[in-house]
Amino acid sequence: MSVLDPTRLTAIDIHTHAEVSSSGHGDALGKDLHRASGSYFGIEGERRPTLEQIADHYRERNMACVVFPVDTESTSGLAAVANEEVAEAAAAHPDVLIPFASVDPAKGARGARQVRRLVEEYGVKGFKFHPNLQEFFPNDRSAYVLYEAIRDSGAIALFHTGQTGIGAGVPGGGGIRLKYSNPLAVDDVAVDFPGMPIVLAHPSFPWQEEALSMAVHKPEVHIDLSGWSPKYFPPLLVHYANSLLQDKVLFGSDYPVLTPDRWLAAFDQLDIKPEVRPKILKDNAARLLGLDGPKEA
């Protein structure tokens with residue numbers, strides 16, 4: 001199996017989910033929330049690919065993808081796909097899969113040890129946080145022990161921001177509170193951990209201006225465009241992606257709830273400058289992930 005070569009790829013998807021293991025276990029949401037999420041995103045039938053199927057899906061499209069589980073064990077009582085399994089699948093498919101992990105902030109110092117081990121022993125490149133599902137504000141000091149480990153390991157922190165499709169349409173939103181995903185809570189993290197690359201996942205509705213402001217103001221803050229069809233992007237986001245943030249905006253689909261095919265078809269219709277398109281689709285992610293070659297001294 002060849003090693004990932006960004007020059008041969010058409011795109012790098014920065015945001016995909018490992019929702020089921022090869023053995024069939026691993027579910028951090030439960031059937032009701034999965035069903036509601038599928039309805040929200042217009043998914044027909046059951047769609048929960050294994051890691052091997054994700055690799056095949058992206059290889060067929062000559063793309064690579066960042067893939068991760070979401071650890072919500074302290075709040076849901078459910079076990080996600082193991083981080084180790086994600087990393088091992090990426091090692092088995094290094095031409096297409098880029099391993100991220102997820103560690104519940106409630107795990108504290110034990111979680112920090114897990115972060116270091118996943119980076120050192122498994123080559124994990126980043127960590128996904130979902131404040132709504134993990135029920136924490138990103139600037140809660142109890143999570144800082146994890147950020148210290150991520151920063152010291154040279155990894156990336158990726159935070160869900162804005163409204164979530166999980167729980168949408170369920171009475172009471174399935175118990176999921178949107179207050180945790182205001183991106184301004186991540187601004188404190190960017191201030192307190194200036195050496196740690198940060199990705200604000202998704203157009204951050206209803207806090208889009210806050211996210212754009214942070215990405216302009218903080219050099220380490222990036223924005224991924226996952227979870228929304230580009231036809232719904234607010235004009236201000238498109239304007240910044242075409243101008244001030246053209247080097248900091250990243251293609252992400254949110255697969256399997258949104259396929260890269262569906263996302264890219266809508267992106268083709270978006271008024272993005274020709275010289276900016278390859279940056280969003282691949283170049284910015286390659287640089288952030290350290291795939292664009294050695295840095296100059």
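Which residue forms a salt bridge with Asp95, and how far apart are the closest N and O atoms? Keep that in mind while going through the points below; the answer comes in point 3.

1. First, the overall picture. This is a predicted model, so read everything here as computed from that model. The chain has 297 residues, and 58% of them count as buried. Its secondary structure comes to 12 helices and eight strands. Take the contacts between residues at least 6 apart in sequence: 79% of these join residues at least 24 apart.

2. On to charge pairs. Side chains of opposite charge can pair when their charged atoms come close. The count here comes to 10 salt bridges, and I'll go through a few of them.

3. Back to the opening question: the partner of Asp95 is Arg59, with the closest N and O atoms 2.9 Å apart. This pair links distant parts of the chain, since Asp95 sits in the loop between H4 and strand E3 (97-101) while Arg59 belongs to helix H2, 36 residues away. Asp95 is buried, because its relative accessible area is 11% and the cut-off for buried is under 20%. Arg59, on the other hand, is partly exposed at 28%.

4. Arg59 has another partner. It also forms a salt bridge with Asp56, where the closest N and O atoms are 3.4 Å apart. Both residues are in helix H2 (residues 51-60), three residues apart, which puts about one helical turn between them. An α-helix has 3.6 residues a turn, so residues three or four places apart point the same way. Asp56 is partly exposed, with 37% relative accessibility.

5. A separate bridge to look at is Asp247 with Lys279, at 3.0 Å from N to O. Asp247 lies in the loop between helix H10 (235-242) and strand E8 (249-250), and Lys279 is in helix H12 (residues 277-288), so this pair ties together parts that are 32 residues apart in sequence. Both ends are partly exposed: Asp247 has a relative accessible area of 36%, and Lys279 has 22%. As for shared partners, salt bridges join Asp56, Arg59 and Asp95 into one network.

6. Now some helix packing. Two packed helices are described by the angle between their axes and the distance between the axes. For helix H4 (residues 83-92) against helix H5 (residues 108-122), the angle is about 20° and the axes are 11 Å apart. That makes the two helices roughly parallel, given that the cut-off is under 35 degrees. The crossing of H4 and H5 is right-handed.

7. Who touches whom in that pair? On the H4 side you'll find Asn83, Glu84, Ala87 and Glu88, and they meet Gln114, Arg117, Leu118 and Tyr122 of H5. Sorted by class, this contact has three nonpolar, two polar and three charged residues.

8. Last, have a look at helix H7 (residues 144-153). Its buried residues are Tyr144, Leu146, Tyr147, Ala149 and Ile150. The cover over these buried residues includes H5, strand E4 (126-129), strand E5 (156-160) and helix H8 (184-192). Just after H7 comes Gly154, which takes a positive phi of about 75°.

Key
Residues are numbered from 1 along each chain as its sequence is written. This is a predicted model: local features need pLDDT of at least 70, side-chain atom pairs count only at pLDDT 80 or more; totals for chains, interfaces and linings use all residues. Side-chain values use heavy atoms; hydrogens and water are left out. Axes are lines fitted to C-alpha atoms, for helices over the stretch in contact, and angles run from 0 to 180 degrees between N-to-C directions. Helices (H or I, at least four residues) and strands (E, at least two) are DSSP runs, numbered from the N terminus. Angles under 35 degrees count as roughly parallel, over 145 as roughly antiparallel, 65 to 115 as roughly perpendicular and the rest as oblique. A crossing is left-handed if the near helix is turned anticlockwise from the far one by less than a right angle, and right-handed if clockwise. Contact means heavy atoms within 4.5 Å. Ala, Val, Leu, Ile, Met, Phe, Trp, Tyr, Cys and Pro count as nonpolar, Asp, Glu, Lys and Arg as charged, and the others, Gly among them, as polar. Buried means under 20% relative accessible area, exposed over 50%, partly exposed in between (1.4 Å probe, protein chains only). A salt bridge is a side-chain nitrogen of Lys or Arg within 4 Å of a carboxyl oxygen of Asp or Glu.
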